[in-house]
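Thanks for coming, everyone. Today I want to talk about salt bridges. Let me put the structure up.

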Amino acid sequence: MGSTEEPNRPIPLYDSSSPSQPLLSKPISFPSSPPHPLPPLEDPPPLANPSDNPESDSDPTQYLQIAYNYTHRPFKDLPFLFLFLLFVLCTFGFGIFSIFNRNTNYSNLSSFSYDSNSTSCTEASLSNSNNSLSVSLSVFANWVFFNSSLSSSISNASIWALVITLILSVPICFLLLLLLKRYTKHLVYVMLPFFIVIPIFFNVYWFVACTVSSTCNENFPLLYRILVLVFVFCIIGVIVWIFVVNWHRIELTVQIIGVASDALSRNLGLFLVLPCLTLGLVVYYAPIVLFLVFARQNGKIVVKESSGVYSCKWKQDGWVPAYYALAILTMLWSLAIMVEAQAFVISGTIAQWYFSKEDGTPRRSIRSSLRNAFGPSSGTICLSGLLIFVVRVVRAAVDSARQDAPGMVNLILRCCVNALLSAVDFLNKFTINFVAITGESYCTSARMTYELLKRNLLSAVFVETISSRLLAGIIFVISAIYAIVVCAILNATHLGVGSYIVAALAWVLLIVVLGFFIHLLDDVIETVYVCYAIDRDRGEVCKQDVHEVYVHLPISRNHRPSLVHTPPLSV
């Protein structure tokens, strides 16, 4: 049974009073009779004596009692923080240099011509330059006027539709969270038929509309239309097959989503903090983009000869391409770090709520998670972001090289690289959640997370296979219904084909906002999963409703305890 300590009392990560064996070496006792009996499937073998294991003394984390670390956390993985700061300082330093070192003649390149007398490029007279500038401005003004008069109605409708969609997306998210918290089962089973009905509706609708339209009928032959129609129906069939195969897991998935929605509803401050972090990333990107613009202006105008004709061309300085590579790498690494930082803040906040001994939300939990993310664990987040960034870059390079170098050797190399990248993804799974809870370094957290899940016969790969797909289907249905309503309203204004464009833009924006909500809910599901594993490892029950749901997770038969043989639990 959970201890009666105060929720704000610091709990040390390393408990000197912990027994010499992991807590799960004993049968788990609950505060009250559990909803399902937990008899062992087989007779438990005799417990292994840790003193008989020669490796027991060499592993300092073997008998640690894991808990949320409320105490002062030391800085971890500092070399990777210093490396990231070096990248940022170099990016900003050379960017500021590019501003002061730029060539002001870059914008007047068209006014330079080759002078045979001086064999160099000289600037034309001021009058000719002004004449050419006035001609260019008049052409540009005519082009802008033509396009603005042509699409003014569509642009105005798009702006209003996007603004209204952005405003409505906030109450839609909170309404969806409320429905997932209280009426999860009803919402899921109501939405399931629409996963099939809406794609079928859109598929038939475009086929009929294209057949009726003479222009589309001429540009898109009947044979190709039938092929696309059949292809979309095949995709719909695959979706149906996925849900039929996983039908027995839907009930458990519904309960897991309900628990995660309840946890998220008790930490609504995350809806404000995470967008602010994203906005901070955009503000951080702004000067780097400005530096890239000014970096192009570092160079000189040179004479270039082609087939006996001399002309004036712009030649960049040699360091500009290298700076572009540095700035782009820094931006991508920063993006990966921000993604990991958001996951860290979510995990730390939800973990503090989970391990609190009362129903309320701990005070300043989000502030504490932010302080840990950008303080002691900043180096660990930089390392995790670097691994994700490298994996994505290497995987993109392997996919792009798939078409360029066919052959058996290339196939073997791709298989080896993909296996290595999958191993890194496996290593990174649940690691940042564990770091947010304990404050350990990346490598230690990765090892301890794997051992924690293995000791408790839980999967170290995923929580539930179809929760993300189910949530993605729900937001697809909601955004599709919203797009249909927007299109019907715009058709009443006789906007024509533009109504479909505006409705598609509104659909994309709502998908992006709801996708952020689903990403947040997925992180909550993973955090609660790790917290549940820690509860099982300690033999405690901090949140009874979570245990009543997660106890039904399938046992991972591939994991066997390596130190102490624990009988598997029947769930």
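**Salt bridges in the predicted model**

Start with K181 and D262: their side chains form a salt bridge, 3.8 Å from N to O. By salt bridge I mean a side-chain nitrogen of Lys or Arg within 4 Å of a carboxyl oxygen of Asp or Glu. This pair links distant parts of the chain. K181 sits in helix α2 (residues 126–182), D262 in helix α7 (residues 250–265), and they are 81 residues apart. Helices here are DSSP runs of H or I, at least four residues, numbered from the N terminus.

A word on the source. This is a predicted model, where local features need pLDDT of at least 70 and side-chain atom pairs count only at pLDDT 80 or more, while totals for chains, interfaces and linings use all residues. Residues are numbered from 1 along each chain as its sequence is written, and side-chain values use heavy atoms, with hydrogens and water left out.

Back to the pair: buried or exposed? D262 is buried, at 11% relative accessible area. K181 is partly exposed, at 31%. The cut-offs: buried is under 20% relative accessible area, exposed is over 50%, partly exposed is in between, with a 1.4 Å probe and protein chains only.

Next, D537 and R455. Their closest N and O atoms are 2.7 Å apart in a salt bridge. D537 lies in helix α16 (residues 498–538) and R455 in helix α14 (residues 442–455), so this bridge ties together parts 82 residues apart in sequence. Both D537 and R455 are buried.

Then E540 and R538, a salt bridge at 3.3 Å, N to O. E540 and R538 are both buried. Shared partners also join K181, D262 and R266 into one salt-bridge network.

How many salt bridges are there in the whole structure? The search finds 6.

How values were computed:
Helices (H or I, at least four residues) and strands (E, at least two) are DSSP runs, numbered from the N terminus.
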